[in-house]
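Q: Please take me through one part of this structure up close, then show me what lies around it. I'm new here and would like plain words.

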Amino acid sequence: MCIRDRHVPAQYATIQAAIDACDDGDIVTVADGVYSGPGNISLRIGPGAAGLPRGILLRSANGPESCVIDCTRPPGWTWSRGIAFNGGEDGTTVFRGFTVRNAWLNVGSGAAIMVSRSAPVIENCILENNTTGNSGGAIFCWNASPTIRDCTIRNNVATKVGGAIFCEESSAPSIIHCTITGNRAGGGATFGYGGAIHLEENSSAKIIGCEIANNRARIGGAIQCQRWSDGAAILDCLIRDNVADEGGGGIHCHEASPTIEGCTITGNTALWGGGLYLEEGNAAVERCVIADNTAQQMGGGILSVSYT
């Protein structure tokens with residue numbers, strides 16, 4: 001197999017043009033600059049000529065500070081996204097070293113990145129200032145298992161759930177060594193779950209070695225584990241200075257039983273359960289430092305509630 005490195009803009013005018021030209025195993029290298037407009041936003045890998053998933057390394061030349069995908073909507077566009085992985089991509093597809101900003105969705109989920117029935121690697125990226133009127137301000141996983149590592153995910157907004165990341169339908173992402181800050185979920189009295197991360201419907205994310213700080217939601221200022229997300233694990237994370245208007249400034253679990261181990265949970269604020277709010281589940285909390293959290297009513301550190 002002959003692997004080709006396809007260069008943007010030296011050989012291809014747009015990022016999508018280079019992707020479309022790729023065979024399995026090829027590389028797309030994007031030079032420093034700000035890329036916007038048709039062909040550079042709402043990207044998609046898609047299947048190759050044989051209709052099978054392609055493994056492509058899509059990378060910037062010099063890292064996310066130097067290579068920006070600006071998803072500001074062109075005139076006449078009703079929405080814009082960074083990139084979608086929905087062609088069955090696996091770990092041989094890698095998205096590395098980009099800043100994705102200013103994506104906007106009215107009703108869809110995953111403004112910067114959408115991953116459906118795929119498992120790509122997303123690494124060393126900055127996802128910032130993206131907004132959705134639905135869920136997953138930066139990333140949406142649907143029955144997907146991406147590896148998300150060494151990323152900064154900041155200042156994203158979801159009107160419903162998952163200010164930064166929303167996972168559902170048996171998704172199992174690995175979120176490793178990421179900094180997730182300043183994100184917000186909510187915009188009404190009904191929603192607003194998981195200022196940084198929201199898991200539901202049997203999703204079992206592994207959140208490892210992350211700093212999750214200064215996020216806000218109605219419920220679960222940093223993380224919300226909704227019913228049946230029992231395989232989730234939150235390991236060796238720093239969860240600090242997040243705010244929930246109601247329950248769980250740091251982490252809120254509702255009918256879920258994640259493992260929370262080796263974490264420092266500090267400086268979080270909520271009405272109930274400043275650090276942790278555990279509701280109708282069997283969360284395992286082990287070897288954690290839970291200190292200096294604040295609840296306006298009950299459970300400054302931990303509030304555990306059972307209705308049986």
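**A strand in the sheet and its surroundings**

A: Let's start with strand E27 (residues 223–225), which pairs with E31 in the parallel sense over 3 bridges. Two strands count as a pair here if DSSP finds at least two bridges between them. Helices (H or I, at least four residues) and strands (E, at least two) are DSSP runs, numbered from the N terminus. Before going on, note that this is a predicted model: local features need pLDDT of at least 70 and side-chain atom pairs count only at pLDDT 80 or more, while totals for chains, interfaces and linings use all residues. Residues are numbered from 1 along each chain as its sequence is written, and side-chain values use heavy atoms, with hydrogens and water left out.

Back to the pair. Isoleucine 223 sits opposite isoleucine 251 in E31. Over on strand E35 (residues 276–279), E31 has a parallel partner too, joined by 4 bridges. There, cysteine 253 has leucine 278 of E35 as its bridge partner. What covers E31 (residues 251–254)? Both of its faces are covered: Ile251 and Cys253 on one side, and His252 and His254 on the other, are all buried. Buried means under 20% relative accessible area, exposed means over 50%, and partly exposed is in between (1.4 Å probe, protein chains only).

Now step back to the sheet. An open sheet of 10 strands runs in the order E4-E7-E11-E15-E19-E23-E27-E31-E35-E39, with parallel pairing. Strand E4 (43–44) and strand E39 (302–305) stand at the edges with a single partner strand each, so one side of each has no neighbour in the sheet.

Elsewhere in that order, strand E7 (residues 83–85) runs parallel to strand E11 (residues 113–116), joined by 3 bridges. Phenylalanine 85 belongs to E7, and its bridge partner in E11 is valine 115. Buried or exposed, where does phenylalanine 85 fall? Phenylalanine 85 counts as buried, because its relative accessibility is 1%. Leaving aside residues up to four places away in sequence, phenylalanine 85 touches Ile45, Thr93, Phe95, Ile113, Met114, Val115, Ser116, Ser118 and Pro120, where contact means heavy atoms within 4.5 Å. Phenylalanine 85 and isoleucine 122 are 37 residues apart in sequence and 11 Å apart in space, C-alpha to C-alpha.

Isoleucine 113, one of those contacts, has its own set: it touches Ile83, Phe85, Phe95, Ile122, Leu127, Ala138, Ile139 and Phe140, again not counting residues up to four places away.

That brings us to the core. A nonpolar core is a set of buried Ala, Val, Leu, Ile, Met, Phe, Trp, Tyr and Cys residues joined through side-chain atoms within 4.5 Å. The largest nonpolar core has 66 residues, of which Phe95, Ile113, Ile180, Ile197, Ile207, Ile212 and Ile223 touch the most other members. Helix H1 (residues 15–20) gives the most to this core, with 3 residues. Another core lies apart from it, with 7 residues, among them Phe140, Val161, Phe166 and Tyr193. In soluble globular proteins, nonpolar side chains tend to be buried together.

There is a second open sheet to look at. Its 11 strands follow the order E1-E2-E5-E8-E12-E16-E20-E24-E28-E32-E36, with parallel pairing. Strand E1 (5–8) and strand E36 (284–286) are its edge strands, each pairing on one side only. Within this sheet, neighbouring strands are turned by 10 degrees against each other on average, direction ignored. The axes behind that angle are lines fitted to C-alpha atoms (for helices over the stretch in contact), and angles run from 0 to 180 degrees between N-to-C directions. As one example of pairing, strand E5 (residues 57–60) and strand E8 (residues 94–96) run parallel with 3 bridges, and leucine 57 stands opposite valine 94 in E8.

Finally, charged pairs. A salt bridge is a side-chain nitrogen of Lys or Arg within 4 Å of a carboxyl oxygen of Asp or Glu, and by this rule the count comes to 12. One joins arginine 59 and aspartate 5 (2.9 Å, N to O). That pair links distant parts of the chain, with arginine 59 in strand E5 and aspartate 5 in strand E1, 54 residues apart.
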